[in-house]
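Here's a quick briefing to read with the model open next to you. Take it topic by topic and find each spot as you go.

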Amino acid sequence: MAGTTIPPHLPRLDERSVRAYLEDLRNTINPSTWASFVADAGSATADAAEDTFNILGSQGVSTSITSDVLTISVDTATDSTLGLTEYATSGETNTGLAENLSVTPLAISNWEGSERVITLGTISTGTWEGSTIAVDQGGTGQTSYTDGQILIGNSTGNTLDKATITAGEGIDVTNGGGSITVAGEDASDTNKGIATFDITDFTVSSGDVTLNAERIQDIAGAMATSNTETGISVTYQDADGTIDYVVSDTTVAGDSGSTGITPGDTLTIAGGTNTTTAMSGDTLTVNVDDSFILNTGDVGTGVYDFGGATSFEIPNGATPTVDAAGEIAIDTTITDYTGLVKYHDGTEELTVVAMPTANLSTTDNHVVIYDAAANEFTMEAQTGGVSGGKVLQVVQGTKTDTASTTSTTFVDTGVSVAITPASTSNDILIMAFISCGGTTAFSYIYPRFQLVRGSTNIIEADTASNRTLTTTTAEIQNANGMTNASISYLDSPSTTSATTYKLQYSTSTSGGTVYVNRTATDTDSSAFVRGTSVIIAMEIDGS
């Protein structure tokens, strides 16, 4: 057999003897001298008499042969190779062949292991009882939480802070165990929130809400159609969004006969018998012949204009009778009085006291008295009675420019007046009016006004739940018109210092605008107006 070595103990033989030995050896070989080897991965068959079987080490395992002894050794584990490590005893914290790889078999809470432990793997059971794990070590830095708290990064110190979500206007936040519910509130006229819109009236796109033109036309058409004005009929044409106005004919009647005047027609007023007419600009003059003017003794009827006369004589005499509405006469003989005018107002006879012109006086504190000796009325200085109530001074403030606001809380209009009372016992009578216009997305807007002294509201309504308290208000029905609000109030400032009174205003509708002294449209046309606003302060004697 190839590779067979002759045992040294055999005697040296000749070639024939050797061949005979080999033949006997071949015949005596047993197949059982073949061996099979199976490993974790793969297998092989080897001839024990002929092949060489190698036993080699791998990662963590080494082999060596000394004489006829095969030694298989497990390497010591390191932090970069597999190998043998040792578990510490119950009394040890770390030990073993590689100190940085040893593990305590007790609960990990008793382990004071090396800082070089990088990965522990998945900890499926047990309770962490150590100190708080810092943020830079992968922890949260927190040990307890309340419902709804979340962690928010804080660049100061690189920490994680606990916080809750705070609800803003129109938002509700509900914190639960492990959950946070954020919900929108329903919108109202005082609170932001979620609102729904009727798609018939509004178009909503990318957050913008637009009132549909058709709806505007319907609203305007309904307003115009439902309004009743004598001689005007209005029809809203829904098909094309127009409004048709039809003005009825006007009937003009004379003493005899009548005619209908269609808008646009010309009405001619012609003179009649003994009368002529003349038109100059927008003035119509009707002239009557002198022969038809009333003379002495004539009894006239109707209406007469005596504005051009230099004098006019009223019926007079002893105890004249005035017993019908409009009658007037002068009584020249009434006892103890001289020349009294009597007239009838439709209910009773009234008398106007007459006084000689020479007896009239414009001196302060003079009153009308009767002088029995002279049988006439005269004016003399008041010697007793109440002296208070006199107007001591009058100050006026005007505003002729314009202003506007969209504020729903009160702000200054610019209409103000300053007055310095002469005495703390005196009162101040305030009279004011303000011209205003406005516009809103709705049909009407209601400007609100209040009268303030300095910054203090001095007259407003009693508290009424959620209602806004004002001094007065106004109503503006369209953007092309103006209205006015007026205020009169007697104030007792109890001061002798300069005191400023002013009007403040606000809008009733969020998104609406209130204007002072102008309309909302304010088109540059003679059909549109500008107004003025005035405030007057009068000091009233309080003595």
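Let's start with a pair of facing residues: Asp331 stands opposite Leu340 in β19. Keep in mind that you're looking at a predicted model.

- Strands β18 (residues 328-331) and β19 (residues 340-344) run antiparallel, and 4 bridges join them.
- They belong to an open sheet of 4 strands, in the order β17-β18-β19-β20, with mixed pairing.
- At the edges you'll find β17 (316-317) and β20 (349-352); each has a single partner strand, so one side of each has no neighbour in the sheet.

**Salt bridges**
- How many salt bridges does a search of the whole structure find? It turns up 5.
- One of them brings together the side chains of Lys399 and Asp401, at 2.7 Å from N to O.
- Lys399 is buried because its relative accessibility is 9%, under the 20% cut-off, while Asp401 is partly exposed at 45%.
- Another salt bridge links the side chains of Lys502 and Asp412, at 3.1 Å from N to O.
- Lys502 sits in strand β31 and Asp412 in strand β25 (residues 411-419), so this pair ties together parts 90 residues apart in sequence.
- Asp412 is partly exposed, with a relative accessible area of 41%.
- The side chains of Asp491 and Arg453 also meet in a salt bridge, at 2.9 Å from N to O.
- Here Asp491 belongs to strand β30 (residues 483-491) and Arg453 to strand β27 (residues 448-453), so the parts being tied together are 38 residues apart in sequence.
- Is Asp491 buried or exposed? Asp491 counts as buried, at 3% relative accessibility, whereas Arg453 is partly exposed at 25%.
- Arg518, Asp522 and Arg530 are linked in a network of salt bridges.

**A look at Thr499**
- Thr499 is part of strand β31 (residues 499-506), and with 8% relative accessibility it counts as buried.
- The side chain of Thr499 reaches the backbone oxygen of Ser497 at 3.0 Å.
- Setting aside neighbours within four places in sequence, Thr499 touches Val417, Ala418, Ile419, Pro421 and Arg453.

- Ile55, Val61, Ile65, Leu70, Ile72, Val74 and Leu84 make a nonpolar surface patch of about 600 Å².
- Two elements give two or more residues to this patch: β3 (61-66) and β4 (69-74).
- The largest share comes from β4, with 3 residues.
- Ile55 is in the loop between β2 (43-47) and β3, and is partly exposed with a relative accessible area of 34%.

Notes
Residues are numbered from 1 along each chain as its sequence is written. This is a predicted model: local features need pLDDT of at least 70, side-chain atom pairs count only at pLDDT 80 or more; totals for chains, interfaces and linings use all residues. Side-chain values use heavy atoms; hydrogens and water are left out. Buried means under 20% relative accessible area, exposed over 50%, partly exposed in between (1.4 Å probe, protein chains only). A polar contact is a pair of N or O atoms within 3.5 Å; within protein, one must be able to donate a hydrogen and the other to accept it, and residues adjacent in sequence count only if both atoms are side-chain atoms. Contact means heavy atoms within 4.5 Å. Patches are made of residues with over 30% relative accessible area and no salt bridge: like charges are joined within 9 Å, nonpolar side chains (Val, Leu, Ile, Met, Phe, Trp, Tyr) within 5 Å. Accessible areas come from the Shrake-Rupley method with a 1.4 Å probe; for residues, only the protein chains shown count as cover. A salt bridge is a side-chain nitrogen of Lys or Arg within 4 Å of a carboxyl oxygen of Asp or Glu. Two strands pair if DSSP finds at least two bridges between them.
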